[in-house]
Amino acid sequence: MTNKNEKSHTCFTIPCNVNYPETIRKQTIKSSILIIFISLFCFSVQSQNPKKNYFSAPVKIPIYLSGTFGELRSNHFHTGIDIKTQGKTGFPVYAVENGYVSRINISPSGYGLALYINHPNGKSSVYGHLSKLSPTLTKYAKENQYKKKSFQVNLFPSKDKFPVKKGEIIAYTGNSGSSGGPHIHFEIRNTKTEHPVNPLLYIPEIKDNIAPKIQSIAVYPLSYDSNVSGKITPQQWTAVFYNNTYHLKGNTVIQAYGEIGIGIQALDYLNGSWSKCGIYETKLFDDDTLVYDFCVSELNFNKGRYINSHIDYAWYRRHYVRIQKSWKEPGNMLDNYKQLKNNGKLSLRDGKIHKIRYEIKDTYGNTSSLDFSIQSHRIPVTYPDSQRLNVAWDQPFLLKEKGLTADFEKETFYTNIQINCREKENMSSKFAAVYELGSKYIPIQNYYQLSIKPENLPKRLQSKAIIVAIDPASGHHQSLGGKYSDGLVKTLARQFGYFTIDADTVPPSIIPLNIKNKKTLINNLRISFKISDKLSGIKSYTGIIDGKWVLFEYDLKKQRITYTFDPEKITFGKTHHINLTISDYKDNLATYEASFYR
Ligand SMILES: [Zn+2]
């Protein structure tokens, strides 16, 4: 992929306050005069947005979404919409507008088999997790895979090679790459910047008159004199819906003091589906003043990971629930904040009651609101002294502790943090001490260099050494890769936790699924193997039949490689020889050989 952050993702071009007819329809309209007025209003909004319906839908089955644009995902915001495909694969995919094929990317993970089309209006459409391309595109992709002797290819055909017409079948839906079930991932991007924009603003309207659901809010003390309910830790309240709006359960008036931040847990649903989808825009008002406005009309692949600052990361790691913070930390560079008064933080030192209001919207403008009050109430609190090291988010920092060194560049963190590092006496490992560095609840934006000094690492294993993260509950080792040099094992890490050194000396495993030596494969259309590697992971594989490289397709989630017999390349009615070689990242090799008749 040209864009290395593509798996992961910004808000400018489309005004977030655009209201669509569905929004308006949803609201209770009693007066016919009002209806006339609103109809006129809708008309004017529509005409302000001539781009709408510029594209047709990419599939011709009824459209239900299992994911929306800007939805909160792991380490990124979702950059497209996920259209359900009835639990099946193989539905035709249609070009949403005239244009030309600009890219074909084939990968064992991420988007899987993905097709990109550039359109004359400066937008591109992207179709991901496909099972198959059209015959012409399949031939082109395969030729390139054989030429490069690689399943994984990223192809950029020239502008005049594959022109497409709106409505032309270009591919078939699938479940390839990191897809968790059959669906099509569909994106619209600004061709020049590659910034994804909200596809729902461009394709025909999907039925949706359901407003987002607000589940809870959390209030965070942010200054050294602040408290929430007399406590110095964040506090959470459940939201309940009655009288057409959301309230806090029990109509609680929150007591707080000092500088505070507020966060919200909310989801959106669309008609005819139970899939939990994302919120388009969140506004926060303090006594009718808009202090915060976050909107996902456009995203940026290079900034997607800042989601770990946008959400309460620690809460997410503890409870797998994402609370969106309504204030911005200094090291969070997301462009989606349209309004930030005092960075969204509230100053509650006036002894008064503040009327707080949240307004959250989906793309079509269906809106939910939550009203509650916070009483500024001073309670003397003491924040405990910490033994940990202070790291300023905008300064580099070098941490050295016995056999461990961690080198952080500036802006590795989103805000000032406190960390510690200690040797874990009660945890042992073969080749080095076990260190606890920082906490897994602290989010990290950029890689830092992590070095550990080995203690009992034999010379013959130096080339096999890696740094591993240890899960303290299971003892499981997860490879962070790395290399031995100058008496240290070094790697780049983007997580905190328990670390030590391990050595990967075990070759990958190859399990033949439908072949064995001297087998007759007359009725088989393909040959499959399950391939896996315990520690460092699979770096590469090569399949050879009768001395020639053949295309094995790789599905990482299924740990499976598959060769489909190609009558143009393998002649029938004779004995063939297959040879498979797999290498892990520490160059341990596994091979498989067999003869078969077909
Ligand atoms: Zn998707």
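**Close-up views of a predicted model**

View 1. Histidine 185 is buried, its relative accessible area being 6%, where buried stands for under 20%, exposed for over 50% and partly exposed for the range in between, with a 1.4 Å probe and protein chains only. The structure is a predicted model, in which local features need pLDDT of at least 70 and side-chain atom pairs count only at pLDDT 80 or more, whereas totals for chains, interfaces and linings use all residues. Residues are numbered from 1 along each chain as its sequence is written, and side-chain values use heavy atoms, with hydrogens and water left out. Histidine 78 is also buried, at a relative accessible area of 3%. The zinc ion has as its protein donors His78 (NE2), Asp82 (OD) and His185 (ND1), at 2.0 to 2.1 Å; donors are N, O and S atoms within 2.8 Å of the metal (3.2 Å for Na, K and Ca), and since water is not among the atoms, sites may look incomplete. Histidine 78 sits in the loop between β3 (76-77) and β4 (81-84) and histidine 185 in strand β13 (residues 183-190), so the pair ties together parts that are 107 residues apart in sequence. Helices (H or I, at least four residues) and strands (E, at least two) are DSSP runs, numbered from the N terminus.

View 2. Asparagine 244, in the loop between β17 (235-242) and β18 (245-248), has a phi near 70 degrees, which is a positive value in a residue other than glycine. Its relative accessibility is 71%, and asparagine 244 therefore counts as exposed. Aspartate 587, in the loop between β46 (575-584) and β47 (589-597), likewise has a positive phi, near 60 degrees, but it counts as partly exposed at 49% relative accessibility.

**View 3. The largest pocket.** The largest pocket holds about 1,900 Å³ of space, and of the 45 residues that line it, Pro221, Thr415, Asn416, Ile417 and Gln418 are the closest to its centre. On a 1 Å grid over the protein atoms alone, a pocket is an open set of points with protein on both sides within 12 Å along at least five of seven lines, and lining residues have an atom within 4 Å of a point. Grid points are joined across faces, edges and corners, and a volume is the space filled by probe spheres set on the points. The element that gives the most to this lining is α5, with five residues.

Methods
1 Å grid on protein atoms, 1.4 Å probe; cavity = no way out; pocket = protein on both sides within 12 Å on 5 of 7 lines; lining within 4 Å.
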